[in-house]
Amino acid sequence: MPTNRKKRVRHRRGLPTDPAVYAFMAEQPIPEGINKYLLIDFEYPTVRQEKCQAEWDKCKELILEEWTKPGTRPQYWWIFDAPKANLKTYTGKVLTAARKRLGGIGTPVYEVLNITPSFRYGVPTCWVDEFQEEYYNGRARDVNDDLIETNYKEGDFSGVAIDPDDPPVFESQAAYLKRHKLLSVEEKKDLTKSDYEPEIIKEKLCPR
């Protein structure tokens with residue numbers, strides 16, 4: 001389980017997979033001289049899910065043993081191992097690892113548009129922006145300030161952009177892990193009150 005000890009550097013033959021793949025999944029610096037294009041399948045693990053999960057399953061025990069950030073988990077853990085939640089989406093429901101939302105104003109895109117849900121460390125990455133809110137309610141204007149003609153009208157779209165004065169708030173990773181009884185005894189000793197503080201989401205658009 002994760003601790004606050006210093007990371008150990010393992011010899012190449014001591015790893016269960018390619019060192020670059022291991023480093024990427026463990027969120028460590030990629031070894032020098034590696035063509036990062038070769039890791040593109042691992043950068044988007046849900047696109048090559050079987051391949052990426054197979055590599056993760058070979059490495060996860062060692063990665064988690066060496067993980068040095070108590071109260072958190074690597075992104076690959078969130079994708080493949082975290083407890084799942086049945087979230088409502090525009091096209092129905094989908095199982096994904098998601099932290100509990102505690103408040104704030106802003107709508108994840110997947111709730112109101114036919115877009116695949118996207119999460120990072122259990123938090124939605126794509127949110128409705130101001131243009132989408134205006135466009136799908138029939139009030140968007142072009143660069144000349146002329147109304148963009150559409151078939152949409154006010155009230156057609158329920159999504160709202162993130163309010164910078166009241167942004168979405170989610171439980172912290174540590175709070176999620178505690179709620180699911182996934183914190184080790186060692187982690188609990190290392191965590192402080194601040195680790196359980198809610199996380200404020202400020203991004204308005206999908207990151208790369």
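Cys59 is buried (under 20% relative accessible area, with exposed over 50% and partly exposed in between; 1.4 Å probe, protein chains only), its relative accessible area being 0%. The model is predicted, so that local features need pLDDT of at least 70 and side-chain atom pairs count only at pLDDT 80 or more, while totals for chains, interfaces and linings use all residues. Residues are numbered from 1 along each chain as its sequence is written, and side-chain values use heavy atoms, without hydrogens and water.

The structure contains 0 disulfides, a disulfide being a pair of cysteine sulfur atoms within 2.5 Å. For Cys59, the nearest cysteine sulfur is that of Cys52, 11 Å away. Cys52 is likewise buried, at 0% relative accessibility.

The largest nonpolar core comprises 26 residues; such a core is a set of buried Ala, Val, Leu, Ile, Met, Phe, Trp, Tyr and Cys residues joined through side-chain atoms within 4.5 Å. Tyr22, Met25, Trp56, Ile63, Tyr76, Trp77 and Trp78 touch the most other members. Helices α1 (19–25), α3 (49–66), α4 (75–80) and α6 (173–179) each supply at least two residues, with the largest share, 6 residues, coming from α3. Helices (H or I, at least four residues) and strands (E, at least two) are DSSP runs, numbered from the N terminus. Beyond its neighbours within four places in sequence, Tyr22 is in contact (heavy atoms within 4.5 Å) with residues including Cys59, Leu62 and Ile63.

An open sheet of 3 strands has the order β3-β6-β7 with antiparallel pairing, where pairing requires at least two DSSP bridges between two strands. Arg101 has Phe170 in β6 as its bridge partner.
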